[in-house]
Amino acid sequence: MNLHRKGRAALVLALVAVVGMAFRVSWNALRDIAGAVGADDTAAMLYPFVVDGLMALALIATLVLADRDRTFALRVLGAYTVASLVLNYVHGLVPELHGRTVDWGRLADWDPANWALVLLATSLPVGSIYFGSDLVAKVLHHRPAPIPAANTNVEESTENAMKRSTADLPVSTPEPITANVTVLPRPVAVGFLKSTLPAKPYPSIAPAPAAPIESRAVAAESTRPRRATGRVPDAAKPARPKRTPDQLLAEARKATDGWPDAKVTGEGIRRAIRTSPANARSLRDTLLAERATASTEAV
């Protein structure tokens, strides 16, 4: 472990040394370019830090940021790397820049090329202010993604609680329905007084002729089985007999025969023999203990 840390530390130190030497070489060229576009001695000394320093800042930002922010940092790093390369290339092509005898604002003989080079050299400090501030703001507001816990037990999730087998749930036996029989009192004969007045005769009414009943065609009953139009209620399903722990263990042994130890999990046993998660975990522990005992005896 210590050797590994020492190797990484040596690699980082070597990288810092190489970057420092490369910055010193690039610093000489960028200083002369800054003096050629009108910078004084102090500004020319600081100009390389503006260009190559932002490259180092963008490189650090790419190691911290992610997704779109990391892409933005890589683009800034690439753009300033290309700009520094172009200015170093121009410094190598124009010998007058080495002795600072070139005219101010004259980096190339061809006017369009000279205008483009002067625009590039003078716009890099402004770009460093903008892009550097944006990168620092993105790094300060960056929130790393949370690391998931390594000891998360999938079998203890709430989803398994919703997938309990209906065969292991206690079957509720409905209470017997008792008919409420109300004993009515015996009717008491009530005598009505007969009226002394004779009943008035009413004329007889002839019965109305009954209309003949017309026979209508009745559709023949279909012999095809009817499809279920809805979910069958649980009360209408035949209840499975409740299995004892020995029966569950026997079924689990038969179902997991030939399974590797890695596959013997609570979820796999639950699906194989259709039992509850609690019973499945208990059976899993028992089966794994039996396999461990068997392997120990074999050795």
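Tutor: A helix here is a DSSP run of H or I with at least four residues, a strand is a run of E with at least two, and both are numbered from the N terminus. This is a predicted model, in which local features need pLDDT of at least 70, side-chain atom pairs count only at pLDDT 80 or more, and totals for chains, interfaces and linings use all residues. Residues are numbered from 1 along each chain as its sequence is written, and side-chain values use heavy atoms, with hydrogens and water left out.

Student: How many helices and strands does the protein chain have?

Tutor: Along the sequence the pattern reads α-α-α-α-α-α-α-α. The secondary structure therefore comes to 8 helices and 0 strands, by the DSSP runs.

Student: What percentage of the residues in the protein chain is buried?

Tutor: Buried means under 20% relative accessible area, exposed means over 50%, and partly exposed lies in between (1.4 Å probe, protein chains only). The protein chain has 299 residues, and the buried part of them is 22%.

Student: At which residue does helix α4 kink?

Tutor: Helix α4 covers residues 111–140 and spans 43 Å from first to last C-alpha, close to the 44 Å expected at 1.5 Å a residue. The expected span is 1.5 Å times one less than the number of residues. A bend is the angle between axes fitted to the seven residues ending at a residue and the seven starting there. In α4 a kink of about 35° comes shortly before the proline Pro125, at Leu124.

Student: Are α6 and α7 roughly parallel or roughly perpendicular to each other?

Tutor: Helix α6 (residues 245–255) and helix α7 (residues 266–273) pack at about 105°, with axes 10 Å apart. Axes are lines fitted to C-alpha atoms, for helices over the stretch in contact, and angles run from 0 to 180 degrees between N-to-C directions. Under 35 degrees counts as roughly parallel, over 145 as roughly antiparallel, 65 to 115 as roughly perpendicular and the rest as oblique. So α6 and α7 are roughly perpendicular.

Student: How many charged residues are in the contact of α6 with α7?

Tutor: Contact means heavy atoms within 4.5 Å. Leu248, Glu251, Ala252 and Ala255 of α6 meet Ile269, Ala272 and Ile273 of α7. By class, the contact has 6 nonpolar residues, no polar ones, and the number of charged ones is 1.

Student: Is Arg284 buried or exposed?

Tutor: Arg284 sits in helix α8 (residues 277–298). Its C-alpha is 8.5 Å from that of Ala252, 32 residues away along the chain. With a relative accessible area of 18%, Arg284 is buried.

Student: Where does Arg274 lie?

Tutor: Most residues other than glycine have a negative phi. Arg274 is not a glycine, yet has a positive phi of about 55°. At 51% relative accessibility, Arg274 counts as exposed. Arg274 lies in the loop between α7 and α8.

Student: What is the phi of Asp67?

Tutor: Asp67 is found in helix α3 (residues 67–93). At 65% relative accessibility, Asp67 counts as exposed. Phi of Asp67 is positive, in a residue other than glycine, and near 60°.

Notes: Nonpolar A, V, L, I, M, F, W, Y, C, P; charged D, E, K, R; others polar.
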